[in-house]
Structures are given as C-alpha cells and as structure tokens.
Amino acid sequence: MITITAESVNKRIDILLTEKIEGLSRNNAQRLLEDGQVTIGGQPIKKNARLKLGDIVVCIVPSPAPYTAVAEDIPLDIIYEDNDIIVINKPRGLVVHPAAGHFNGTLVNALLHHCGESLSGIGGVQRPGIVHRLDKDTSGLMVVAKNDEAHQGLSNQLSSRKMGRVYQALCVGRIKSDNQRIDIPIGRHPKDRKKMAVITTGKSREAVTNISVLERFSRFTLIEARLETGRTHQIRVHLSYLGHPVLGDPLYGPKKQPLGLESQILHAKALSLVHPITGETMNFETPLPDYFTEALNKSKLMK
C-alpha cells in the first residue's frame, strides 16, 4: 500500500511503483497495471493515470512461481576440491546463481552437473552451496560448500571477517594515496534499483574496503582491494565514490568508457580461509585473466 505524498503527485504510476517496490521492473509494473493488480479505492488504475495527493495505491504482486535450478554441462575451472568444499575460478560473464533474466547457464547449474546432489542445501534450490558471490562480469575465486556443516563454517568466517578476499582492479585516473581504508556505508540506490550507492543516512549497511596502489599510469591506476565486508557491488561503489571508478564499469563508470570497454576490469585474485571441517589454513591465488592483462597493457600505452 502506497500513500501519495506531495513529491509523488502527477508522477506516472508505473514509475512510482518501481521506486517504491524493491526489485520491480518498469515492464513488470506495467504488466500488473494491465492485469488490474494496481488499484485506488478498489478500482483498477490505467498505466497513464496521474496521481493525486492522498490517494492510496494498492498493488498486488503475485508470488513468483517456484524454480529449481537444473544441472547443465558447463565447464568449470576448479582450483581445489574435496568432500566438503570446492574452489572455483569463475570466468567473466558467468552469472553465479539463477535469477530474473538468468534462469539457466549459471555457475549453480554447472555445479549441479559436476557435484550432483553433493552441495549444501542452506542456499535453497536456487543457490545451493553458494556462500558468497561475484558479479556476473567480475572474474576470480569463489568457495562453494558441498554440505551444510561446511556452509555454516564458511558463512561464520565471512561474518566474522576471517575469510580473506583480495581483488585487483584497473581504475580510471591516478589515485594519489598509496593506501586508504574506505569505511562508508552502502545501500540500495534511491532512484535506480539496479544500482547500489553510498548512503550516509537511512537504510544502509556498513561497508569497508582497503585500497592499495600497485602501479600508476598516465590515465589509470592498478590497485589491490581487500574486503572487510561483502556488500553488493562494494568495490565498484567505493571506487566510484572516490572519483576513480573501475575501468569499463557500465553502472558506476563514465558513460563514454576509455578503451571502449563494456565491462569492469575487476578480478578476485586471492582467497584465504580455514577449512570448515579440518581446520587447515588454505590460501589460493590465480593469475590475472587475459581480458585484464590486455586492458592493462593498453592502459600503459595511453598518454
């Protein structure tokens, strides 16, 4: 139920619904309007209706149909595997788990094919074994739990900040400070539901990123980022807030990207953890992928 305030008067109803209902796209909002699921005083609203002060809008969003991920034969770059955990080097472009617009061809689909039923059930039918995630176009290391005990142990390490995650990124501009700790909260962007943003008041969560400069070029900076927390898009949002977005980032970078890139140059290079069953300290590292080294070589040549 949405009560129309002064700032919402005369606003299109489909736009208002996307702003007020988290995760609702404009297309879905228009579909709900066409289906008569959005009403004022019990009467369906037309999608081009303008709102009046004090109107009370009722929107019924049907529950999504249940979805169970299915096994798919998708190649995996496995760094380590035993009976309890599996460490994957995720390629750029691979979605981690099924979601709207990506119900197939995900890492979860590949894991189900490789592991069969040997995945933790804590993540549910759409996210079995998934302890943490990487954005679609972020490559690098992820650990997946193969049973519930391992999942709980790894999740505890994440929440207590005992799991080490180190990224490398190529950023726009020259970052002046060699080292800095970014401790700025992040929340959902107030106007664009696909984005996160620095939110200093209201609904947000603590987000801490430690940045170290590895090398500076004429127009770019190669950095290492160590996470203390793991918020959605955290590194990308923090670097954009500093004025040095990740090169190629379509959401948080400049509209006209240097080098003509269409996805971010960001790689989860190292992962450290304590094995949740054996107690062994484990450290994993991967080399930078080809897309990253190609962008790095081009950036060194730019004046």
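**Exercise 1: Histidine 275**

Task: find what histidine 275 is in contact with, beyond its neighbours within four places in sequence.

Solution. Step one: with contact taken as heavy atoms within 4.5 Å, histidine 275 meets Tyr80, Asp82, Asp84, Ile85, Glu280 and Met282. Step three: histidine 275 counts as buried because its relative accessibility is 2%, where buried means under 20% relative accessible area with a 1.4 Å probe, protein chains only. Step four: look for the backbone nitrogen of threonine 278, which the side chain of histidine 275 reaches at 3.2 Å.

A note on the model: it is predicted, with local features needing pLDDT of at least 70 and side-chain atom pairs pLDDT 80 or more, while totals for chains, interfaces and linings use all residues. Residues are numbered from 1 along each chain as its sequence is written, and side-chain values use heavy atoms, leaving out hydrogens and water.

**Exercise 2: Strand E8**

Task: find which strands pair with E8 (at least two DSSP bridges make a pair).

Solution. Step two: E8 runs antiparallel to E14, joined by 6 bridges; here arginine 165 has leucine 271 as its bridge partner. Step three: E8 also pairs with strand E13 (residues 220–227) in the antiparallel sense, over 7 bridges, and cysteine 171 stands opposite threonine 221.

Definitions and conventions:
Buried < 20%, exposed > 50% of the residue type's maximum accessible area, 1.4 Å probe, protein only. Polar contact = N/O pair within 3.5 Å; in protein donor to acceptor, adjacent residues only side chain to side chain. Helix = DSSP H or I, 4+ residues; strand = E, 2+ residues; numbered from the N terminus.
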